[in-house]
Amino acid sequence: MDSQISVKNMLAELLAISHPLSPFDMPLLDAHGATLADDISLGDRVVLSKGVRIRSQQIGLAASIGLSRLPTQPHPRVVVISAGGDLVEPGQELEDDEAEYETNSWMLATAAREAGAVCYRVHAIPENQEELKAVIEDQLVRADLIVISGERHDGSFALIAEVLGELGADKRVVPTLQGSSLHCYGLIGEDAIPVVALPGDPISAFISFELFIRPMIRTMLGVKNVFRSTIQAIVTSDIESPIGQTSLIRAGLSQDSAGNLQVNVLGDQDQMYTLAEAAALITVAADSPGYLTGEVADVIILDRAY
């Protein structure tokens, strides 16, 4: 039987196998958008701090003190793979009731880019163990992290987990996360590359990416803000959550007439369009039954204006 693990402990295990990449010096223009790997001082004063994103202001300051290069943290290279015999690329016809459009690699690859990674989406969709193992081994040469998902109904997870187990990543767990399912992770290859298999359901895959993969990428980047910004907001309707399970509920944000920030649960939480509409995620801790209307909730802000 696959073991359960708390969200906190699973995150800790994944961050323990994620390390900042080795820094190197880059010309000023090339360094734009990267992460500064070391403090830059002018006399006794630190004028550029390690871990900041290098923007135009930092480039200007570097040039003003005579620097033509900056020590930078490279962007981690993330390879995203989807596997399963019933997956069909968008734009093609679904030939039977079992077939489904391959969604996750498109969503996860762009989410990885938004987190600061250089991402490679594998276009082939492996259908069996031999194909999947060959694809993973081929990708090891260009990966700092590999993320794999399968079919919506998770019929392909056994295939993914078995192959990862053969390669050395044999940790199989179910996080105490409402609506989630099996995850598999570990280190593979001569260079001990982290690999994580996420649930095939796109909504579950997105939530797991936000909780686990995005912090891994941010840790590899060496940035200070590993986690998304959180705020507190007033809930506008009752929220129920099972004891023992952490819940992340998609929501919108607004202000009341007094200027207080409100968080509004979106309907149809099982639909992808709700995921696309979400500006925030309401967090309900595992030991909480939820919130009553008017209570203040902890909210994770997604990259969207409100």
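Two strands pair if DSSP finds at least two bridges between them. Helices (H or I, at least four residues) and strands (E, at least two) are DSSP runs, numbered from the N terminus. The structure is a predicted model, in which local features need pLDDT of at least 70 and side-chain atom pairs count only at pLDDT 80 or more, while totals for chains, interfaces and linings use all residues. Residues are numbered from 1 along each chain as its sequence is written, and side-chain values use heavy atoms, with hydrogens and water left out.

**The barrel**

- Strand E17 (residues 247-255) and strand E18 (residues 261-265) run antiparallel and are joined by five bridges; here Ala 251 stands opposite Val 265 of E18.
- Both strands belong to a barrel that five strands close in the order E15-E18-E17-E19-E21, with mixed pairing.
- On average, neighbouring strands of this sheet are turned by 55 degrees against each other, direction ignored; axes are lines fitted to C-alpha atoms, for helices over the stretch in contact, and angles run from 0 to 180 degrees between N-to-C directions.
- Strand E15 (residues 230-235) is joined to strand E21 (residues 296-301) by five bridges, and the two run antiparallel.
- Strand E19 (residues 280-284) also pairs with E21 in the antiparallel sense, over four bridges.
- Val 299 of E21 stands opposite Ile 231, and Val 299 is also the bridge partner of Ile 282.

**The open sheet**

- Strands of a sheet pair through backbone hydrogen bonds, either parallel or antiparallel.
- An open sheet of three strands has the order E2-E6-E3, and its pairing is antiparallel.
- Its edge strands are E2 (24-27) and E3 (35-36), each of which pairs on one side only.
- Two bridges link E3 with strand E6 (residues 69-73) in the antiparallel sense, and Leu 36 has Thr 72 of E6 as its bridge partner.

**Helix packing**

- Helix H1 (residues 7-16) packs against helix H7 (residues 202-221) at an angle of about 30 degrees, with the axes 10 Å apart.
- H1 and H7 are therefore roughly parallel to each other (angles under 35 degrees count as roughly parallel, over 145 as roughly antiparallel, 65 to 115 as roughly perpendicular and the rest as oblique).
- The crossing of H1 and H7 is right-handed; a crossing is left-handed if the near helix is turned anticlockwise from the far one by less than a right angle, and right-handed if clockwise.
- In contact (heavy atoms within 4.5 Å) are Val 7, Met 10, Leu 11, Leu 14 and Leu 15 of H1 with Leu 211, Phe 212, Pro 215, Met 216 and Thr 219 of H7.
- By class, this contact of H1 with H7 has nine nonpolar, one polar and no charged residues (Ala, Val, Leu, Ile, Met, Phe, Trp, Tyr, Cys and Pro count as nonpolar, Asp, Glu, Lys and Arg as charged, and the others, Gly among them, as polar).
- Helix H5 (residues 129-139) and helix H6 (residues 157-167) pack at about 55 degrees, with their axes 10 Å apart, which makes H5 oblique to H6.
- The crossing of H5 and H6 is right-handed, and its contact residues include Leu 132 and Ile 136 of H5 and Leu 159 and Val 163 of H6.
- The contact of H5 with H6 has seven nonpolar, one polar and four charged residues.

**Salt bridges**

- Six salt bridges are found in the whole structure (a side-chain nitrogen of Lys or Arg within 4 Å of a carboxyl oxygen of Asp or Glu).
- Arg 77 lies in strand E7 (residues 77-82) and Asp 144 in the loop between H5 and strand E11 (145-149), so the pair ties together parts that are 67 residues apart in sequence.
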